[in-house]
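Please keep the sequence and the structure in view while reading.

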Amino acid sequence: MSPPHDNSGAADAFAKPPAKDPKKKDDKRDEDLSEEDLALKQQLELYVERVQDPSPQLQSIALDSMRQEIRTSTSSMTSVPKPLKFLRPHYGTLKAFYETMPDSDQKKLLADILSVLALTMSADGERESLKFRLLGSEGDIGSWGHEYVRNLAGEIAQEYAKRQGEEAPIDDLMGLVQQIVAFHMKHNAEPEAVDLLMEVEDLDLLVEHVDKANFKRTCLYLTSSARYLPGPDDVLVLEIAYTIYLKFEEFPNALQIALYLDNMQYVKQIFTSCNDSLKKKQFCYIIGRHGLPFEIEDEMLRDGDDRETLQDIVNNTKLSEGYLNLARDIEVMEPKSPEDIYKAHLLDGRASAGASVDSARQNLAATFVNAFVNAGFGQDKLMTVSSESSSGSSTGNWLFKNKEHGKISAAASLGMISLWDVDAGLAQLDKYFHSSDNHAIAGALLGVGIVNCGVQSDCDPALALLSDYIGKEDPSIRIGAILGLGIAYAGAQHDLIRQTLTPILNDPKANLDIVAFTAISLGLIYVGSCNEEVAQAIIFALMDRSESELGDPLTRLLPLGLGLLYLGKQENVEATAEVSKTFHEKIRKYCDMTLLSCAYAGTGNVLKVQNLLGHCAQHLEKSETHQGPAVLGIAMISMAEELGLEMSIRSLEHLLQYGEQNIRRAVPLALALLCISNPKVNVMDTLSRLSHDADSEVAMAAVLSLGFIGAGTNNARIAGMLRNLSSYYYKDPNLLFWVRIAQGLVHLGKGLLTLNPYHSDRFLLSPYVLYHPRNI
């Protein structure tokens, strides 16, 4: 073996590495820097030394130079700027020196620099950037860059909340807020300015900072964020947006906010402030579309304004004329028959066999389909065929092809066919008032209500015709007249009708069905009014019901009528909700859910949705009925905006999987409410799946919901689904009937009508339409 070499030096070198020298480590880092960066680092370190020099003159030069370096690097920040990176090790040194400095201009300049350095160095919750900013000079904060201003705004919000809790003064903060808001508004950062002012509860400051270039973006952000704010903050935000729109004479947008707030004084102010006659006509069309009863007063008019023309637009007097002009322009005036909608020739042979099954039911379906498709066109192929084209009375023939309640629907369908055309509609219906058949008279009365719905008139033809029939003995005629009034005067808050209908609610001799429909009519007429007299009358009517009557499904219309009074009025329902807790246990929870659902409809209130989901999660006995309204309530509340709508669709999917049978039956209708006249593909697929469900009630609800989500859209995919379902259910008359109704809804008004209660870019919810579809 060869003698061992002396490798002790090499072994020592590997076994015991020398201790790391921090200075060498820094040298290594310095070697990684470019020459330019190294020069900058050494320059900044020199400035730090000079700042601590006893000579004020040297301090000032060093501070100015350091400030210049930082300012040029932070003007647009995509990563941590190099001056801030190189000054990090000296942050503590500069802070310590600051504390020893006497009050002087140099101390304020150093405070400014420390404020910027704190942007990357300050510990969480210390708010040192704000602290040194308040101690520093009062120069332009924008020169330090957007990121600095943004950070400062966040710290101001935290400090404001802390001082509010301690009741400490906030004047110094508000001076800084003024500067930040001015900077944000000047640099197209309106949302950040609005957020800061919301945090410091001083949104009024926004009005003086908006200009013609940014007011639209500012107001758009205000109106969008209002949906996510709790009350009363949401109202305050919308009022600021209204003030800004009015300041820049953006009157149509101001009107939409006034209608959203349901503030009639604002509506009048807009008319008074505007001098343009054409714009006033536009306002009237918006009000008419919203369905608001509104009187044009003399002080709202200017020279050249025609009061009668404006009032006619608000009253929708010319609505039928405009609708028919549109139909002529796009060439859809030709009346369609139910067979044109069913398109049975596209299916295999077995579907035609369904026509012979239960012919009365099929005729009733044809009546509805015919009315839906030809709604508002004034002509069809069943009820209004002219005598020249047919021998004998076609109208009479079709009417008498139906039995009892089918006759009511057939006569009432004339009102739908002549929708909004009051003169022609009443002339068509007049002959049925002389009929000896009570069902035909009842249908005509209902038709009078439908033809007048949404159209206001000084002579009140509906009231004059229908009031004579309210006291008749025949229950069908009474119900036809009562419902006719409810439909014709929805939202009108007509006191004469209230005085006529309220006594029926407390009449011990009145049948339950008459009382129930009276409650619905009063709810429609006073929808969203919180009228105490009507509310009391319905409450007493509910308390007077016997235990056996409370089990009748018709009784559930009474809580619905009560809920309509508080539609969208949120906490105004609380007193009535407390009273409802004294009702009989059979109806108590049902009434509570209905009131909650109606009061928060269209508000997007997340807490109320969670409350309703909690009720749906319970596993109850079969006799419980309140979970159905809870499911529908989730949809009614969440329909306000897209995000809540999507979240609710997901929640309803979970209810379908894990909910009890009574909940599953309500889910398709809830999905329809969320997407009414808005056929979303995922909802369409879910409903298509449910239309083949083993539970026939779930399948019926799904079929009808397919009609609702496609209402007035002529959606080819839904139409194809319904045709296939008509073939699938050709032996089931009940389900086939609902398939036909859904087919009629999809082709509502030949595609010119919608059931969607939202308008004006989904900003406004018309309460009169949510329960009362009548809008183009």
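A salt bridge, as the term is used here, is a side-chain nitrogen of Lys or Arg within 4 Å of a carboxyl oxygen of Asp or Glu. The model is a predicted one, and under this criterion the side chains of Glu 297 and Lys 268 meet in a salt bridge, with 3.2 Å from N to O. Because Glu 297 lies in the loop between α17 (277–290) and α18 (307–314) while Lys 268 belongs to helix α16 (residues 264–273), the pair ties together parts that are 29 residues apart in sequence. Glu 297 is partly exposed, with a relative accessible area of 26%, and Lys 268, at 23% relative accessibility, also counts as partly exposed.

**Salt bridges**

A search of the whole structure finds 19 salt bridges. Among them is the one that Arg 217 forms with Glu 190, in which the closest N and O atoms are 2.8 Å apart. This pair links distant parts of the chain, since Arg 217 sits in helix α13 (residues 215–226) and Glu 190 in helix α11, 27 residues apart. Another salt bridge joins Glu 578 to Lys 581, the closest N and O atoms being 3.1 Å apart. Here Glu 578 is partly exposed at 48% relative accessible area, and Lys 581 is partly exposed at 47%. Asp 495, Arg 498 and Glu 533, in turn, are linked in a network of salt bridges.

The three pairs described individually are listed below.

| Salt bridge | N to O distance |
|---|---|
| Glu 297 and Lys 268 | 3.2 Å |
| Arg 217 and Glu 190 | 2.8 Å |
| Glu 578 and Lys 581 | 3.1 Å |

**A charged patch on the surface**

Asp 195, Glu 199, Glu 201 and Asp 233 form a negative surface patch. One of these residues, Glu 201, is found in the loop between α11 (190–199) and α12 (205–209), and at 60% relative accessibility Glu 201 counts as exposed because the cut-off for that class is over 50%.

Leu 259 lies in helix α15 (residues 251–260) and, at 5% relative accessibility, counts as buried. Leaving aside neighbours within four places in sequence, Leu 259 is in contact with Val 267, Ile 286, Ile 287, His 290, Leu 292 and Leu 764.

His 747 is found in the loop between α42 (733–746) and β1 (758–759), and is buried, with a relative accessible area of 14%. Apart from neighbours within four places in sequence, the contacts of His 747 are with Ile 341, Phe 372, Val 373, Asn 714 and Ala 719.

**The protein as a whole**

The protein contains 43 helices and two strands, and buried residues make up 52% of its 776 residues. Of the contacts with a separation of 6 or more, 69% are accounted for by residues 24 or more positions apart. The accessible surface comes to about 36200 Å², of which 51% belongs to carbon and sulfur atoms.

How values were computed. Residues are numbered from 1 along each chain as its sequence is written. This is a predicted model: local features need pLDDT of at least 70, side-chain atom pairs count only at pLDDT 80 or more; totals for chains, interfaces and linings use all residues. Side-chain values use heavy atoms; hydrogens and water are left out. Patches are made of residues with over 30% relative accessible area and no salt bridge: like charges are joined within 9 Å, nonpolar side chains (Val, Leu, Ile, Met, Phe, Trp, Tyr) within 5 Å. Accessible areas come from the Shrake-Rupley method with a 1.4 Å probe; for residues, only the protein chains shown count as cover. Lys and Arg count as positive and Asp and Glu as negative; His and the chain ends are not counted. The place of a charge is taken as NZ of Lys, CZ of Arg, CG of Asp or CD of Glu. Helices (H or I, at least four residues) and strands (E, at least two) are DSSP runs, numbered from the N terminus. Buried means under 20% relative accessible area, exposed over 50%, partly exposed in between (1.4 Å probe, protein chains only). Contact means heavy atoms within 4.5 Å.
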